[in-house]
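Here is a report on one protein chain and its ligand. Please keep the sequence and the 3D view open while reading.

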Amino acid sequence: MEWREVPDPILDTPEAALVRPVAVATCDIDRPIVRGDTPAPGPFPVGHEFVADVVEVGEAVRDLRPGDRVAVAFQISCGRCPRCRAGRTANCCAVPAGSAYGMGRLSNGLEFGGAVADLVRVPYADAMCLRLREDLAPAALAGLSDNLADGWRTVAPHLPTAAEAHVLVLGAGSIGLYATAIAVALGAEVTFVDPDENHCAIAERLGARTRQEPPTGRYESHPIVVHTGDRHGIQTAVRSTGSGGVCVNAAVFFENLVELPLLEMYAKGVTFITGRADARAAMPHALDLITSGRLDPSLFVAETAPWEDAPAAWTAHHDRLALVR
Ligand SMILES: [Zn+2]
Ligand SMILES: [Zn+2]
């Protein structure tokens with residue numbers, strides 16, 4: 001990891017904005033990226049969870065002004081194609097599938113830059129930015145771009161139709177913790193399973209029952225199961241989903257071919273959901289939980305580092321890190 005000098009991005013379309021990131025958080029995928037454990041060889045600009053100040057807006061931008069503080073969705077989405085209008089902002093028709101900040105080749109072709117930068121171009125500013133109150137600490141809110149939104153979608157849409165408000169979170173990293181916090185905020189009982197002592201301590205403070213262990217075998221049946229771990233845990237997640245329940249997988253399996261017990265899933269009528277979160281569509285819901293005081297996002301920032309230390313801090317981070325300008 002190193003700083004590189006590049007030309008400033010420019011306002012090349014009327015719908016675009018230029019923003020200056022003030023806080024950038026690492027996502028669970030940034031550690032595998034740094035280790036070289038993804039199919040995205042470097043070098044490329046990193047960072048895709050960020051809070052920024054608007055610097056300049058194109059003439060067609062309606063909702064933003066220079067000086068506004070915003071969270072920017074990590075996925076590029078236009079806001080007006082059929083999929084965006086349906087809330088499927090992870091799969092906007094206007095850009096290639098996977099288009100996002102800070103992930104190199106994982107974004108399938110186009111490079112939109114990374115958030116660890118002095119200036120970031122937001123191609124569809126009104127659609128991608130969510131305005132924030134200035135009194136909220138940016139380091140904790142950077143997760144809105146991705147992991148907070150991801151945590152929200154794993155539980156919130158499924159709780160109203162669940163047989164009971166019981167959620168099992170097989171966690172590894174911040175998405176599982178956000179899922180736990182959001183489920184608790186929405187009144188659910190949560191069991192949180194993670195081998196990490198610190199994660200379990202956070203989940204306990206949130207009010208979850210915890211089991212400090214890697215997910216194995218089968219837990220008591222739950223109507224909602226959230227999985228954010230590796231391929232071994234996914235079997236446990238599916239087998240711990242109760243009849244008529246929902247199993248939401250937020251983890252990425254670069255192995256591609258992973259076995260699922262389909263007979264058992266069929267017999268129990270398990271709904272299996274996987275895929276990237278529709279971040280922009282979920283962001284306002286997660287923010288609403290924060291501004292109404294039901295969710296404290298600062299619980300999950302394990303480390304902070306000053307902006308200029310980004311190369312060393314990003315290389316060495318072993319849990320959720322926020323760079324703060
Ligand atoms: Zn991410
Ligand atoms: Zn779109």
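## The parallel sheet

Six strands form an open sheet in the order β8-β7-β6-β9-β10-β11, with parallel pairing. From one strand to the next, the twist averages 15 degrees. Strands (E, at least two residues) and helices (H or I, at least four) are DSSP runs numbered from the N terminus. Two strands pair if DSSP finds at least two bridges between them.

Strand β6 (residues 166-170) runs parallel to β9 (residues 222-227), and 4 bridges join them. V169 stands opposite V226 in β9.

## Helices on the sheet

Helix α6 (residues 174-185) lies across β6, β7 (189-193) and β9. It runs at about 165 degrees to β7. Helix α7 (residues 197-206) also packs on the sheet and touches β7 and β8. Its direction makes about 165 degrees with that of β8. Contact means heavy atoms within 4.5 Å. Axes are lines fitted to C-alpha atoms, for helices over the stretch in contact; angles run from 0 to 180 degrees between N-to-C directions.

## Model and overall form

This is a predicted model: local features need pLDDT of at least 70, side-chain atom pairs count only at pLDDT 80 or more, and totals for chains, interfaces and linings use all residues. Residues are numbered from 1 along each chain as written, chains are lettered from A and ligands numbered from 1 in the order written, and side-chain values use heavy atoms, leaving out hydrogens and water.

The chain has 11 helices and 13 strands. Its radius of gyration is 19 Å, close to the 20 Å that the globule rule gives for 325 residues, so the chain is as compact as a globular protein of that length. The radius is taken over C-alpha atoms, and the rule is 2.2 Å times the number of residues to the power 0.38. The C-alpha trace spans about 55 × 40 × 40 Å along its principal axes. Of the 325 residues, 54% count as buried. Buried means under 20% relative accessible area, exposed over 50%, and partly exposed in between (1.4 Å probe, protein chains only).

## The zinc site

Three protein donors hold positions 1.8 to 2.2 Å from the zinc ion (ligand 1): C27 (SG), H48 (NE2) and D146 (OD). Along the chain, their spacing is C-x20-H-x97-D. C27 lies in the loop between β1 (17-25) and α1 (30-35), and D146 in the loop between α4 (138-141) and α5 (147-155), 119 residues apart. Both C27 and D146 are buried. Donors are N, O and S atoms within 2.8 Å of the metal (3.2 Å for Na, K and Ca); water is not among the atoms, so sites may look incomplete.

Helix α5 is mostly covered, with 9 of its 9 residues buried. Among them are W152 and R153.

## Loop details

R105 sits in the loop between α2 (82-85) and β4 (120-122). It counts as exposed at 57% relative accessibility. Not counting residues up to four places away in sequence, R105 touches P39, A40 and P41. R105 and T38 are 67 residues apart in sequence, yet 9.6 Å apart in space, C-alpha to C-alpha.

The peptide bond from G42 to P43 is cis, with omega near 0 degrees. P43 lies in the loop between α1 and β2 (49-57). N256 belongs to the loop between β10 (241-249) and α9 (262-268). Its phi is near 75 degrees, a positive value in a residue other than glycine. N256 is exposed, with a relative accessible area of 62%.
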